[in-house]
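Trainee: I'm new to this one and would like a close look at a single part. Could you pick a pair of packed helices and walk me through how they meet?

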Amino acid sequence: MMPRFHTIALLLLWVLIGSWISSVHAGGDREKLLAEPGIYGTFAVFGLDDEWGRVEPSARIARLATLKGVVEQHREHVAIDVYLLRGLSDQADLMFRIHATELRDIQEFLLDLQSSLFGKHLKTAGIMHGLTKKPNYVPGFSDQLKADLKSPSEAGEKPYVIVIPIKKSAEWWGLDQEKRTALMQEHTAVALPFLTTIKRKLYHSSGLDDVDFITYFETSSLEDFHNLVLALEKVKEFHYTRQFGNPTLLGTVQSLDEIIETLAQ
Amino acid sequence: MMPRFHTIALLLLWVLIGSWISSVHAGGDREKLLAEPGIYGTFAVFGLDDEWGRVEPSARIARLATLKGVVEQHREHVAIDVYLLRGLSDQADLMFRIHATELRDIQEFLLDLQSSLFGKHLKTAGIMHGLTKKPNYVPGFSDQLKADLKSPSEAGEKPYVIVIPIKKSAEWWGLDQEKRTALMQEHTAVALPFLTTIKRKLYHSSGLDDVDFITYFETSSLEDFHNLVLALEKVKEFHYTRQFGNPTLLGTVQSLDEIIETLAQ
Amino acid sequence: MMPRFHTIALLLLWVLIGSWISSVHAGGDREKLLAEPGIYGTFAVFGLDDEWGRVEPSARIARLATLKGVVEQHREHVAIDVYLLRGLSDQADLMFRIHATELRDIQEFLLDLQSSLFGKHLKTAGIMHGLTKKPNYVPGFSDQLKADLKSPSEAGEKPYVIVIPIKKSAEWWGLDQEKRTALMQEHTAVALPFLTTIKRKLYHSSGLDDVDFITYFETSSLEDFHNLVLALEKVKEFHYTRQFGNPTLLGTVQSLDEIIETLAQ
Amino acid sequence: MMPRFHTIALLLLWVLIGSWISSVHAGGDREKLLAEPGIYGTFAVFGLDDEWGRVEPSARIARLATLKGVVEQHREHVAIDVYLLRGLSDQADLMFRIHATELRDIQEFLLDLQSSLFGKHLKTAGIMHGLTKKPNYVPGFSDQLKADLKSPSEAGEKPYVIVIPIKKSAEWWGLDQEKRTALMQEHTAVALPFLTTIKRKLYHSSGLDDVDFITYFETSSLEDFHNLVLALEKVKEFHYTRQFGNPTLLGTVQSLDEIIETLAQ
Amino acid sequence: MMPRFHTIALLLLWVLIGSWISSVHAGGDREKLLAEPGIYGTFAVFGLDDEWGRVEPSARIARLATLKGVVEQHREHVAIDVYLLRGLSDQADLMFRIHATELRDIQEFLLDLQSSLFGKHLKTAGIMHGLTKKPNYVPGFSDQLKADLKSPSEAGEKPYVIVIPIKKSAEWWGLDQEKRTALMQEHTAVALPFLTTIKRKLYHSSGLDDVDFITYFETSSLEDFHNLVLALEKVKEFHYTRQFGNPTLLGTVQSLDEIIETLAQ
């Protein structure tokens, strides 16, 4: 439509906010927020409204700059990751994963996001909260399994993200700790071979949401991920699962700049 | 957009309605309504419509003044608390908790709210009703547990609110009172350690709504709250629970003025 | 906003249609339609659209006059009651209960209502149909219970209405008549003490709708109603109930004029 | 609003398309399509959009003429029946029942309907497909029951239509043919007394839709129909029913001209 | 409306993009993508928005050209099939089936589709993903069954498409491979007679979606397809199926040009 102006504006945008780009993913607290127990993780999933498609390119870029601005403004207190779900998940276009020591900080980020010029185009498709904790069952696992779990996953790009909420049955919670440990040991042993190409993170949600867990995965091979889930469906622990997915969120891991570039088109 | 005008209008608003502010939360009946049995409690949850985001700052402030006015006008008969769910719950932005001796009084407040200039932007996300009652099972508890239940919860800010509707199974209601008391004694003993950081209130809903109970919590520690729910999922009484949450409403406790300030932006 | 014009128009409205007011609730057939078996009862629940809130007061009053007109025009053949659900039920503002000897007459009323100027603002939230029948189980009850059932409910205002649809399980219908009579005798004995403050009416819906019964209640005490439902949840017959509510409709009993006055604001 | 023009236009419409009227329901193939096995039947249920209520009378009539035209154009290959659900079913205003030897022919009719000026106001509420087949179980019934099934239903108007989709459980399909025949014999014997006032037709849907059967009824007495369903809920075969209704569609049988007249208002 | 211009524009469209037409379905990789294991298949189902019906014919054709363009642009890396669901499935008008070696390539196609002028009219009704794999159970089948499975399906047009997602129970996955093979052998033997008129393809979805399988069928006879499903409902394996359909997607197989011609009207 106005390709030349479009390009210039895009360049200007990068110049103006260029200095932010690298720092967004390198906040001092970010590593701690992503590694430690006792951290809250929120998954906020949004669709873009019908109007977005009708916004002119230059206005669109101006609005995307407010997205960049809001993320920049909050990165001191919260760690923010973005994912592109559009084309891979129903009714959802973007997912934010936000880590913080208090949910209030996450609420403040999302309030600012939603009242930004870009945020006015977002329709909330779902919000889920969880808490990172020390492993529940690993202390009771065999020494071999404990050792195996320590081998790091393969380095390299893991472009796909999958988020699966899980609810266990009342029967599961009624089992004693020893029995649950035995079942989780079987579950973990079966998952082990897949951990080279699949990175995972667990969030505990009981009371914070209508599910018990949010499971988060990054992978370079969706075929491996499919085979992992298939293997987990076959162990006894799966009989105690009342909800697995619904929704299963699938998307691609992207930097904020890549997302902005995609949405600018 | 018009920052100077915005600020002046905001100040004017505070001057005009400033005298109301302190009184809203100090009505004579408020303490009785919040403490006694036989009181109706309504949880009215609203989302803001898409137009709200497009209202000009000055018009927005004028409309928020009508919210203030409606609350002021009704505070003689009903006790009104407000919560900010936006950013923490799906599709819901605001929650009102209203206590009154008759649901008619609550209906009148909500009618006035919805026909105010501000209320025209509200979309009802859910309305639930309950009734406060004297404890059902405590008289049958052990003396120790009765004594423990009397220790007051820690003073200090409890910024988070959680509301969880609960439906019990037909099997639960088919148990005799003695059996149910025994199950509730186990439930209560497990919950006890968490009551220092978690304040709770129970509403009975059978017949007034599609659930049996509305459980209301305020807490300073969502991690404690998560651990409380986890502990409650492990007692036998949980096997008689058919619905727990769906929705789980999570937000922050705010004064009306704080809410107005947030929504003015 | 034009309060003087508003008041004058309102007065004019009352003058023009004043003669109808008393007669609407005193149609010759009305008593028969409300008392006899073999009568169809339709519960039509509506929400008002977003535009209604933006209609000018004078236009609003003109449109409410068409509501009045449609009700007046049909009252020869159908008995029409109106209820205000707004503020007490989700997504629903108005409920009509219509009795007639044929559902075609009810359809004609609702067609005229929906194509009236007022009706164009109504969004159907739900329509349920039932049929009044002679008591199924009472003939098999004990003489004492039969006698007790004859004592009339207290006179006086019963301002609240509750409508609860019910679906029984296949197991219930598979029981023989004698067994079902015994279970309903227990159900009825438990309900008896509440009938002084609670008026009730039963509609049979199998085949006309996705539920088996529509239960209709008017009460002066919602606390009594809550206790009635609690008592009914504890009898054995409740184990054969697959759906109870979903939705539970709660509102206030109002005359058409009271409703019009409320909606005019 | 232009009543005179309205009337003239209406008359003109009847003149212009008058010749079609009688023929629409008398197509040569119609009788075969309605009587033979191996015919596809589609139930297409529509609501009218909000704009329809705002269309001027003259434009409305012009658009209804396109409905008439589309039906006329397709009646060579498909048999089309129309029903008025408005006022009796939730969110649905019109139902088309279409019979053809191939679903492609039905798709072509619905494509033309939806792209007509009238069709642009239709919102699809549901589409269900079934297939007519020779009776499955009748050959195994007793001679008496076979004879009884041959007595024709009463002549005369049957103004009500009810459509109930049905899904059987895996247990049902796991029974052998002999056992299912015995259960259907009981089912049929119980239904027999109602067939004088109730006409019925069965469509098989497994694989074509998410249900196993679509049951279609026309009746002069909804009370009889209610009693029929009640009787069927009491036989053993009902225990193998996983879905009955949801939705139950209820309306009145109307000619296309009656529908057009109603919608013109 | 502008029939002459309409025709000319349509012709022009064919001239301009005519050279693409044949090639769209003959990409070098297409055959491999449709035949090999380890390929991802995405089913993207869309409805057209209300505006589409109001777009002028000439603008409509221009927008459909962007659909053509996007498909052309991506056919090097992904295999794209289109189906017309309109008139046969609820709320869905179009279905795309896309095969690729990586889901990222499919995401890129769908992003471009949705940001095209045509795509702005699409509302996502559902997106499902699966993976093609070597047969799981065939190696364990009897030699006779293995041989029978090799006979090709009848040549000739198969105009209907049906897509049925399937979820198995935890019990199914808990069975050992031998037991599952025996159950699948019975399932396959029953399906065999139908394979002359029904072509099928299986996609594995566990972890990629909320179902375990997506089953895809093309057939010349929907009656045969109905009988196939009926036969499959009667084998023991069906008792382990928790979801079958919901939705069942039914439509007609069409070339992109046929779809464009239909939507141009």
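Predicted model: local features only at pLDDT ≥ 70, side-chain atom pairs only at ≥ 80, totals over all residues.

**Two helices in chain B**

Mentor: Where does that come from? Two packed helices are described by the angle between their axes and the distance between the axes. Here, helix 7 of chain B covers residues 177–191 and helix 8 of chain B covers residues 222–233. They pack at an angle of about 155°, and their axes are 9 Å apart. As for handedness, helix 7 of chain B and helix 8 of chain B make a right-handed crossing.

Now look at who does the touching. Helix 7 of chain B brings His187(B), Val190(B) and Ala191(B), while helix 8 of chain B brings Leu228(B), Ala231(B) and Leu232(B). Sorted by class, this helix-to-helix contact has five nonpolar residues, one polar residue and no charged ones.

For another kind of contact, turn to where two chains meet. On chain E, 23 residues are in contact with 29 residues of chain A. Helix 4 (103–115), strand 4 (122–131) and helix 6 (170–174) of chain E each supply at least two residues of that side. The largest share, seven residues, comes from helix 4 of chain E. By class, the side of chain E that touches chain A has eight nonpolar, 11 polar and four charged residues.

Definitions and conventions
Residues numbered from 1 in each chain as written. Chains lettered and ligands numbered in written order. Contact = placed C-beta atoms within 7 Å. Helix = DSSP H or I, 4+ residues; strand = E, 2+ residues; numbered from the N terminus. Nonpolar A, V, L, I, M, F, W, Y, C, P; charged D, E, K, R; others polar. Axes fitted to C-alpha atoms, helices over the stretch in contact; angles between N-to-C directions. Left-handed = near helix turned anticlockwise from the far one by under 90°.
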